[in-house]
Amino acid sequence: MTARRSEVSAQLDDEIWKRELTEVASLIRTRQISSAELTHATLHRIDKLDGGLKSHAFVMTDSAVEAARAADAELARGHWRGVLHGVPIGVKDLCYTADAPTGAGTVIHREFRSSYDATVVARLRAAGAVITGKLAMTEGAYLAYHPSLPAPVNPWDPATWAGVSSSGCAVATAAGLCFGSIGSDTGGSIRFPTSMCGVTGIKPTWGRVSRHGIVELAASFDHVGPIARSAVDAAVLLSAIAGFDVGDPTSSRTPVPDYAADLALSRVPRAGVDRSQLSGFDDDTTSMMAQVVSTLEGIGWPVVEVTLPALDRMVDVFATMRGVETAIAHAETYPARADEYGPVLRGLLDNARKLSAVEYQGLITRRQECTEALQRVFTDVDLVLLPSAGLASPTVAGMRMLGVDSVLSAALAGPTAPLNVTGNPAICLPAGVTSRGTPLGVQFVGRHFAEQFLVQCGHAFQQATRFHRRRPQL
């Protein structure tokens, strides 16, 4: 390693890793640091820390170094692709990559190599991003890790749960092992990890981001979205990956704005909160939500009472329908290779295969009713406030039965899974701290395709708070 590279690696460990995506992008564009230097330093940090954090399923060293050199060469010729040009980014290990395996948290597929990139990966590369690795996840993006694979470790506290599914994304982003990442969310899998790890995430409107080349958990509930340090960073990533894709016929043709171009609110948002349902959450969560309301009122936003559809009933609909769609996604390997599955995912698939078509049709009707009931709420407010998880910063030990204990699973997903039922977008923001110093998060929920408005609201909140600027001490 050259003296210059050693200096940059030391600087990254000391300071640069703490910066936001947009901040390091500016350093690259102004030639204060090269993509190659930043990428080498990021890979060095992964090598140094990820043995303990376990956020990566596969580190893409060779292709990352090659992409960084190409980014620098383009910049030297005067060609700048945009904010992501030369920035190290991670992707969840359910995104197909032609230059790395895609295991999706399973042992069945851990050696699988696609012949093509997922659309979101292709769009990141086209925007100039340097893909540094495939980030670890639960088995098949469900609730538990395969028993033979390691679970990512929360960088704030090893005894604190890091979330499910997109946990590797949130751990790597929080710990400075990338400057942003792409995750997926079927019932809370972007929002749980971002809340637990103190970073920002966006679950877009269903169909806003292509699912082509994304390993399915449950097709009509799966959302793909960004995890980053701030609302602005997440907006940059969403702008790069959003939009219609002929490879995914369920993707929307609704025009995609530059989500980070205009961060100023054109009107004062009117926020809604259902205090009757919030009262059922734990003390840390209710205290955090009260502080969020106080903060918003302090910057002049009216916060009014609304009545949301019963969250627990929406979770019931979600849980059963999700299971059926997961069984469809695994039809080629389950039950034929059942002995290679972990017990939690196997249990979901066994139960789902018992549901009748008549029962499923009834659930479709209930889903439509829930969706319409939530849309009516937005006739009176611009956004709805909900916690990012039904349990505030639980311990690893306290979550050992997740996916087995249905009461625990339902409690966790109470404020998140309903939005996978309806497809509404949400931005998850760091919004509090427990007594042991671990993060808490809030969701701003919006109308369909209101992502730009949610980014503006999230940015305004982050200008009034400092939670997103906190960094774990590693």
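Contact is taken here as heavy atoms within 4.5 Å. The model is predicted, so local features need pLDDT of at least 70, side-chain atom pairs count only at pLDDT 80 or more, and totals for chains, interfaces and linings use all residues. Residues are numbered from 1 along each chain as its sequence is written, and side-chain values use heavy atoms, with hydrogens and water left out. Helices (H or I, at least four residues) and strands (E, at least two) are DSSP runs, numbered from the N terminus.

Helix H11 meets helix H13 (residues 357-377). On the H11 side, the contact involves Arg313, Met314, Asp316, Val317, Thr320, Met321, Val324 and Glu325. On the H13 side stand Tyr360, Leu363, Ile364, Arg366, Arg367 and Cys370. These residues divide into eight nonpolar, one polar and five charged. Ala, Val, Leu, Ile, Met, Phe, Trp, Tyr, Cys and Pro count as nonpolar, Asp, Glu, Lys and Arg as charged, and the others, Gly among them, as polar.

The axes of H11 and H13 come within 10 Å and cross at roughly 135°. H11 is therefore oblique to H13. Axes are lines fitted to C-alpha atoms, for helices over the stretch in contact, and angles run from 0 to 180 degrees between N-to-C directions. Angles under 35 degrees count as roughly parallel, over 145 as roughly antiparallel, 65 to 115 as roughly perpendicular and the rest as oblique. The crossing of H11 and H13 is left-handed, meaning that the near helix is turned anticlockwise from the far one by less than a right angle.

Threonine 333 lies in the loop between helix H11 (311-329) and helix H12 (343-352). Its relative accessible area is 11%, so threonine 333 is buried. Buried means under 20% relative accessible area, exposed over 50%, and partly exposed in between (1.4 Å probe, protein chains only). Beyond neighbours within four places in sequence, threonine 333 touches Ile108, His109, Ala338 and Tyr341.

Glycine 247 sits in another loop, between helix H8 (231-241) and strand S7 (271-273). This glycine is partly exposed, at 34% relative accessibility. Glycine 247 and alanine 118 are 129 residues apart in sequence, yet 9.6 Å apart in space, C-alpha to C-alpha.

The disulfide count is zero, a disulfide being a pair of cysteine sulfur atoms within 2.5 Å. Cysteine 95 is buried, at 1% relative accessibility. Its closest cysteine sulfur, in cysteine 169, is 7.4 Å away, too far for a bond. Cysteine 197 is buried, with a relative accessible area of 1%. For cysteine 197, the closest cysteine sulfur is in cysteine 169, 10 Å away and too far for a bond.
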